Amino acid sequence: MAGGWSRDGAVQDQIDASVGDAVKLARSRLPDGESLTHCEECEAAIPEARRKAVPGVRLCVRCQSVFEKQQTAQTLFNRRGSKDSQLK
Ligand SMILES: [Zn+2]
């Protein structure tokens with residue numbers, strides 16, 4: 001009877017462990033929500049104040065501004081491109 005109990009307990013322990021791992025894995029792969037401690041681009045440390053101010057931040061201030069400039073440039077380029085094609 002003691003054997004039966006310990007066997008059930010062991011199986012339950014295994015289930016708990018695998019569920020815990022899955023949750024941990026899912027959390028580590030979340031695209032948003034968790035702020036990174038280090039920049040995704042240059043791996044510079046992201047200050048805690050910035051991580052709190054920008055939930056889910058993935059880039060340091062420097063890379064973020066470069067990224068935003070690229071986004072803006074991309075948007076302007078696309079607009080100009082579509083305008084040109086409309087005129088032709
Ligand atoms: Zn960076």
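What follows is a sequence of selections, each with a note on what is there.

**Before selecting anything**

This is a predicted model, in which local features need pLDDT of at least 70 and side-chain atom pairs count only at pLDDT 80 or more, whereas totals for chains, interfaces and linings use all residues. Residues are numbered from 1 along each chain as its sequence is written.

**The whole protein**

Begin with a cartoon view, in which the protein has 3 helices and 0 strands, following the pattern α-α-α when read along the sequence; helices (H or I, at least four residues) and strands (E, at least two) are DSSP runs, numbered from the N terminus. Next, colour by pLDDT, the predictor's confidence in each residue, from 0 to 100. The mean for the protein is 78, and 68% of its residues reach 70 or more. Among the elements, α1 has the lowest mean pLDDT, 67, while α2 has the highest, 92.

Of the 88 residues in the protein, 5% are buried, where buried stands for 20 or more other C-beta atoms within 10 Å of the residue's own, exposed for 12 or fewer, and partly exposed for the range in between, with C-beta atoms placed from the backbone. Two residues are in contact if their C-beta atoms, placed from the backbone, lie within 7 Å. Of the contacts with a separation of 6 or more, 6% join residues 24 or more positions apart.

**The loop between α1 and α2**

Select Glu43, which lies in the loop between α1 and α2. Its phi is near 65°, a positive value in a residue other than glycine, and Glu43 counts as exposed because it has 11 C-beta neighbours inside 10 Å.

Then select Ala45, placed in the loop between α1 (2-28) and α2 (48-53). Ala45 is likewise exposed, since 11 C-beta neighbours lie inside 10 Å. Not counting residues up to four places away in sequence, Ala45 touches Thr37 and His38.

**The loop between α2 and α3**

Move on to Val57, in the loop between α2 and α3 (61-87). Is Val57 buried or exposed? Val57 is buried, because 21 other C-beta atoms are within 10 Å. Leaving aside neighbours within four places in sequence, its contacts are Ser35, Leu36, Ile46, Arg50 and Arg51. Glu34 is 23 residues from Val57 in sequence, yet their C-alpha atoms are 7.5 Å apart in space.

**Helix α3**

Finish at Cys63, found in helix α3. With 17 C-beta neighbours inside 10 Å, Cys63 counts as partly exposed. Which residues are in contact with Cys63, leaving aside its neighbours within four places in sequence? They are Cys39, Glu41 and Cys42.
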